[in-house]
Amino acid sequence: MKSIALWLLTALTIGTALGSPPARAVELCVNSVATLQQALALYPLHNGGRLTIKVVQGTYAIGSQLGGGVYANHFGASLTVQGGYTAGCATRMINPTATILDANNAANSGLAFVFDPGQEVKFESLSFTRFNADAVLSMDMDILGDDSGAAVVRNCRFVDNNVQQIIRADAPQMALVNNLIAGNVIGGPAPATVLTDFSSHFNSYVVITNNTIANNVGAAGLIVHNSTAGSAVPSDRISEVANNIIWGNGTPDINLSGFSHADAALILSSNLYGSVSNAGPLASGNLVANPLFVNPGAGNYSLSPTSPAVNSGASFQLYGLPPVDLVGVNRIIGSGMDRGAFETAIDDTTQFVVTNAADNGSNASPTPGSLRAAIKAANSASGPYLIRFAISGGCPRLINMTTPMLDVLGNVTIDGRTQ
C-alpha cells in the first residue's frame, strides 16, 4: 500500500518530466483528514487507470477542508473511495457507520467530481453528515454525448445534511444501491434529495435499488431526468428503480415528470412510497403504505417486524440482487428480500408475527396478520415454526374466534411471551 507522501512525490516528479502524470492503478490508505485531503487532491493528476482511496474507520471532522472546489480529472482516470477499513487497511467491513465524514455544518463543504467519458466515480461504505452546500456529492461526466461513464454510490449513509441535493449525478449511467438517505433538509434552487440526469444515448440508464430515502424535508425523494426526449438515438438500455423505500419526503416521493418513457424504458417495481408522478407502463408490485420504521425520530430506519416492506420485495432485479444490506447483513432472509436498505431477521418461512386480533372464521382464507392465518402458515411449513405477537393497542388484546380454530400440526411454538 503506497503512502500519500511517496505517491505525491512520484506523481509530481514523473508528471514534470513527461508532461503528464503517471498512468496506473494506485491504492492509498488514509487515516486522517490531512491524508484524505491529500489523496483526493491526487485524483485530478491521475493519468488513466483507477485511484482507490481506502479510508480507515473513524470519524473525520472534515469541516470545509475537502469541499469548496471541484476534483476534475481529464486524464481518463476512475476514482473509488471506500470506507470501513481497519488500521493499515488490512481488512474491511461493510457498514457506513464505521467511517463518518462530518462537515460540522461548514459552508461549501460539498464534494464535486468531474470525470472523462468511459470512467467511473464510486463511493462505498461511508457516512456523510452535517454537510452544508449545493450538494453533498456531485458527480458529472465532462463530455456529454458519449454513452459510457458511471456515477456509483453503494452502502452509504447520508443524514442531517442541509443542502440543495444530497446526490446529484449527470452521467450516462448511475448506480445507487443499498443507501440510507434520511432526515436531511433540502432547500434552495432546484431542490431534490437525489437528482440523476442521463443525457447521452444508446447505453444510458440508471439503477436505483434497495435504498431507503425517507423523511427528507423540502424536496422529492428521487428525481430522474432523461434528456434524450425527441432524439433520433434514444437509449436502448432499461433503467430500474426497484425494492426501494421512498417515503415521507416532499410530494411526490418519486418524481419522474422529466422522464420520457418513449425514449427510454424504466422498470418501477416493488417500491414502497407515498406518491409518484409519471410512473410509466412498466410499474408493478409497488406499495403505498407506511414502512413502519423502528424509530425514525432517533435516526433508526430499520424495519419493525410488522412492516409491509419485510419479505415483500422482488426476488429478481434486472441488474442483480445485492448480497448484503446497508450494514453487511446477508440478503435474503425469508421468502423475499426486504424493501429498502435494511434486511430484517424476520424469516417468514419459519415464523409468523400476529399483528391484529381479527378473525373472519375462514380456514381457507383467514384474515391477513391474524392468529388463524399464522396457524395456517405454520401447518404449511416443512420444519419448526414460531408464532409471535405484535398486536397494536392496549391490554388486554382479545382474539374472539368466530369458528373453531385450525388444528395445530407439526413442530409449532405459539409464544405469548413476545407481547
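Tutor: Start with E120 and K122, whose side chains meet in a salt bridge with an N to O distance of 3.7 Å. Keep in mind that this is a predicted model.

Student: What makes the contact between E120 and K122 a salt bridge?
Tutor: The label requires a side-chain nitrogen of Lys or Arg within 4 Å of a carboxyl oxygen of Asp or Glu. The N to O distance is 3.7 Å, so the pair qualifies under that limit. Both E120 and K122 are buried.

Student: Which residues are joined with E120 and K122 into one network?
Tutor: R50 is joined with E120 and K122, through salt bridges that share partners.

Student: How many salt bridges does the structure hold?
Tutor: There are 8. One of them joins the side chains of D102 and R130, at 2.8 Å from N to O. This pair links distant parts of the chain, 28 residues apart: D102 is in strand β6, and R130 is in the loop between β9 and β10.

Student: Why is D102 called buried, and why is R130 called partly exposed?
Tutor: Buried means under 20% relative accessible area, and partly exposed lies between that and the 50% limit for exposed. D102 has 13%, so it counts as buried. R130 has 30%, so it counts as partly exposed.

Student: How do you know that R331 and E343 form a salt bridge?
Tutor: Their closest N and O atoms are 3.1 Å apart, and the limit is 4 Å. R331 and E343 both lie in the loop between β29 and β30, 12 residues apart. R331 has a relative accessibility of 10% and therefore counts as buried. E343 is buried as well, because its relative accessible area is 6%.

Student: What is noted about the backbone of C89?
Tutor: C89 has a positive phi of about 60 degrees although it is not a glycine. The residue lies in the loop between β5 and β6. With 8% relative accessibility set against the 20% limit, C89 is therefore buried.

Student: What makes β2 and β5 a pair of strands?
Tutor: Pairing needs at least two bridges. Strands β2 and β5 have 6, in the parallel sense, so they count as paired. Across the pair, K54 stands opposite Q82 in β5.

Student: Why are β1 and β27 called edge strands?
Tutor: They belong to an open sheet of 10 strands with parallel pairing, in the order β1-β2-β5-β8-β11-β14-β18-β21-β24-β27. Each of β1 and β27 pairs on one side only. Helix α2 lies across β1, β2 and β5, running at about 170 degrees to β2.

Student: How many bridges join β28 to β29?
Tutor: There are 2, and the strands run antiparallel. N295 has N300 as its bridge partner in β29.

Student: Which residues form the covered face of β29?
Tutor: Y301 and L303 do, while N300 and S302 form the uncovered face. In a regular strand, side chains alternate between the two faces of the sheet.

Student: Why is T193 called buried?
Tutor: T193 has 0% relative accessibility, so it is buried. T193 lies in strand β17, and its contacts include Q165, I181, N216 and G221.

Student: Which residues touch the most other members of the largest nonpolar core?
Tutor: Of its 67 residues, they are I53, F113, F123, F128 and F158. The largest share, 5 residues, comes from helix α2. Among the residues that F113 touches are L40, Y71 and M139.

Notes: Residues are numbered from 1 along each chain as its sequence is written. This is a predicted model: local features need pLDDT of at least 70, side-chain atom pairs count only at pLDDT 80 or more; totals for chains, interfaces and linings use all residues. Side-chain values use heavy atoms; hydrogens and water are left out. A nonpolar core is a set of buried Ala, Val, Leu, Ile, Met, Phe, Trp, Tyr and Cys residues joined through side-chain atoms within 4.5 Å. Buried means under 20% relative accessible area, exposed over 50%, partly exposed in between (1.4 Å probe, protein chains only). Helices (H or I, at least four residues) and strands (E, at least two) are DSSP runs, numbered from the N terminus. Contact means heavy atoms within 4.5 Å. Axes are lines fitted to C-alpha atoms, for helices over the stretch in contact, and angles run from 0 to 180 degrees between N-to-C directions. Lists of a residue's contacts leave out its neighbours within four places in sequence.
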